[in-house]
Amino acid sequence: MYKRVSGAKFWLLSCITFGIYSIVIWSRMTKNLNDMAVKAGEQPIRGYVSAFFLGFITFGIYPIVWMFKFYGLAGRLSYRASAGVSPSGTFGKFIMGFIPIYSFFWLAGLHNKLADAYERLNMVNAQ
């Protein structure tokens, strides 16, 4: 069972904790996405915390590459499970992830739609 993400809580607690809460949520979403990927036969991506720290070594380049991988995987998983995540393209998702304040709510919605879709698939496969 995948834990849902509240957009308002994601945004508010990220502001209050100076970004620490967003690292926790991104890590949780990546773990869930990788779990879905394994069940769908897709290649999982690197964890968020390691990508975050590699950003210091690569002067911020690796996290951008990682985000493209994250959104690409989310798009493939959405397509496989008919989750209805929009925009459907990786670049569109990447751009949506940079819209101030709205991106927290959009990203929480993306995660929750994928979680719902894959929980439904797991229930169908279990029966």
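Which residues does N112 touch, not counting residues up to four places away in sequence? They are R4 and V5, where contact means heavy atoms within 4.5 Å.

## Before we dig in

This is a predicted model: local features need pLDDT of at least 70, side-chain atom pairs count only at pLDDT 80 or more, and totals for chains, interfaces and linings use all residues. Residues are numbered from 1 along each chain as its sequence is written, and side-chain values use heavy atoms, leaving out hydrogens and water.

## Around N112

N112 sits in helix 6, residues 102-126 (helices are DSSP runs of H or I, at least four residues, numbered from the N terminus). With 18% relative accessibility, N112 is buried (buried is under 20% relative accessible area, exposed over 50%, partly exposed in between, using a 1.4 Å probe and protein chains only). Its side chain reaches the backbone oxygen of V5 at 2.9 Å.

## Salt bridges

The count comes to five salt bridges, each a side-chain nitrogen of Lys or Arg within 4 Å of a carboxyl oxygen of Asp or Glu. One of them joins D116 to R4, with the closest N and O atoms 2.5 Å apart. That pair links distant parts of the chain, 112 residues apart: D116 is in helix 6 and R4 in the segment before helix 1. R4, D116 and E119 are linked in a salt-bridge network.

E42 also pairs with R80, at 3.0 Å between the closest N and O atoms. E42 lies in the loop between helix 2 and helix 3 and R80 in helix 4, so the bridge ties together parts 38 residues apart in sequence. E42 is buried at 16%, while R80 is partly exposed at 48%.

Technical notes: Helix = DSSP H or I, 4+ residues; strand = E, 2+ residues; numbered from the N terminus. Polar contact = N/O pair within 3.5 Å; in protein donor to acceptor, adjacent residues only side chain to side chain.
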